[in-house]
Amino acid sequence: MIEAQGLTKTYGGKTAVYNLSFTVQPGVITGFVGPNGAGKSTTMRMILGLDEPTGGTVTVGGHPYRRLPNAPRQVGALLDAKAVHGGRSARNHLRCVAQLSGIPQRRVDEVLDVVGLREVAGRRSKGFSLGMGQRLGIAGALLGDPQILLFDEPVNGLDPEGILWIRNLMKKLASEGRTIFVSSHLMSEMAVTADHLIVIGRGQLMADMSVRDFINTHSASYARVRVPDGEQAAREKLSAALTEQGAHVQPEDDGALRVGGMPLPRISDLAHDAGIRLWELSPHEASLEEAYMRMTQGAVDYRSTADHRAGLQQAGPVPPQGYAAPGPGYAPPMGAPGMPPAGPGVPQPGPGVPGMPPPGVQPGYAPPPPQGYAPPPPPAAPQAPAGAAAPAPREGETRR
Ligand SMILES: Nc1ncnc2c1ncn2[C@@H]1O[C@H](COP(=O)(O)OP(=O)(O)OP(=O)(O)O)[C@@H](O)[C@H]1O
Ligand SMILES: [Mg+2]
């Protein structure tokens with residue numbers, strides 16, 4: 001089990017993670033999703049003791065990672081599959097990791113079999129394809145046969161066969177009672193892989209619920225209604241009648257109407273009463289991907305300028321009934337669609353304003369004091385988890 005309480009991380013003036021509390025349970029796959037820059041990798045690094053929280057605590061199996069007895073046997077992680085010595089063969093790389101972590105050498109061939117790299121185990125890893133590299137990283141994570149596994153974007157760049165393989169492997173590991181925490185920004189992938197979801201945006205918790213609940217709460221059904229082509233007056237009359245009876249009506253690109261919040265028979269009756277013929281009346285389910293996009297829209301940091309032209313940055317139509325607002329504690333950034341514009345007297349969060357909360361945190365925020373967190377004793381250098389190919393030091397951090 002992984003438990004985070006009020007986890008916060010700031011880098012200089014940048015708040016990467018703010019007041020994050022969640023629990024990752026054993027026996028299920030917990031998906032950790034959020035847009036680019038949301039703070040997923042930062043959170044994982046804090047869990048693994050590679051970054052020190054600015055506030056709050058996180059424990060793995062009841063202990064902070066750095067105080068975990070025999071950590072490489074308890075926790076395995078894939079953070080960055082490319083962080084291996086390319087001149088070493090796959091087998092030698094794993095042998096080194098095993099030796100550093102006190103894991104018997106026979107385990108190396110076992111995990112090479114599990115990930116399907118036995119045939120190429122003698123080849124230098126710098127010649128490996130992306131998928132082979134991911135498999136090697138996963139082999140490293142599995143070396144210590146740990147009960148707790150963290151995977152940061154494990155399916156990035158993989159072909160469909162590789163994605164399916166990782167998905168099935170994670171399911172098998174979870175079914176053995178292990179704790180599986182996997183990050184992704186691919187909601188469609190998480191929908192078929194994870195049992196539970198933790199969604200973050202700009203470092204803050206937006207949702208923490210089972211995938212089933214997420215689908216029930218966030219994917220709304222709606223109807224598409226289309227009058228015969230060219231009957232503009234009928235379309236407007238129908239739209240007015242539906243709106244008057246409480247439906248949410250939005251125009252679709254092809255001239256149809258998207259109607260939320262009203263059952264199909266009622267739409268049909270209203271059209272009949274108004275003497276309007278229909279060419280289409282069909283039920284639709286908004287996809288989980290769409291629900292996730294709506295939920296995280298205000299929390300996307302990096303976006304192409306082409307998105308603006310394509311209208312991807314606009315507020316979008318009024319959500320059909322059933323769409324829920326983002327989770328507690330989350331507020332869209334000031335000036336975002338539907339939010340008041342940032343006033344001149346309101347300090348704006350962001351880089352260059354040290355100590356300010358991330359965009360999205362309400363004014364009046366004060367960083368909470370660290371609760372119960374005691375920094376680990378400095379001399380005891382933490383051991384990276386087995387296979388957590390130590391990421392290169394990042395800006396503002398020194399390699400420990
Ligand atoms: N060492 C660092 N120094 C300064 N800023 C950092 C550092 N590490 C992360 N950040 C910032 O913290 C924020 C969160 O980054 P993080 O890598 O955790 O996001 P992510 O959710 O993993 O994104 P992605 O989906 O792109 O992998 C980003 O704005 C990033 O620039
Ligand atoms: Mg990341």
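This is a predicted model: local features need pLDDT of at least 70, side-chain atom pairs count only at pLDDT 80 or more; totals for chains, interfaces and linings use all residues.
Is Gly261 buried, partly exposed or exposed, and how many other C-beta atoms lie within 10 Å? Hold on to that one for a moment, everyone.

Residues are numbered from 1 along each chain as its sequence is written, while chains are lettered from A and ligands numbered from 1 in the order in which they are written.

Now back to our glycine. Gly261 is partly exposed because 19 other C-beta atoms lie within 10 Å. For the terms: 20 or more other C-beta atoms within 10 Å of a residue's own make it buried, 12 or fewer make it exposed, and anything in between is partly exposed, with C-beta atoms placed from the backbone. You will find Gly261 in the loop between strand E12 (257–260) and helix H10 (264–273). Those labels are DSSP runs, numbered from the N terminus: helices are H or I with at least four residues, strands are E with at least two. His248 is 13 residues from Gly261 in sequence, yet their C-alpha atoms are 6.3 Å apart in space.

Next, please look at strand E6, residues 148–152. How many of its five residues are buried? Five of the five are, so the strand is mostly covered. On one side sit Ile148, Leu150 and Asp152, on the other Leu149 and Phe151, and all are buried.

Which strands pair with E6? Strand E5, residues 75–78, pairs with E6 in the parallel sense over four bridges, and Ala77 stands opposite Leu150. Strand E7, residues 179–184, also runs parallel to E6, joined by five bridges, and here Ile148 stands opposite Thr179. Pairing means that DSSP finds at least two bridges between two strands.

Asn19, in strand E2 (residues 14–24), has a phi of about 50 degrees although it is not a glycine. Asn19 counts as buried because it has 21 C-beta neighbours inside 10 Å. Arg202, also not a glycine, has a positive phi near 45 degrees. Arg202 lies in the loop between strand E8 (196–201) and strand E9 (204–210), and counts as buried because it has 28 C-beta neighbours inside 10 Å.
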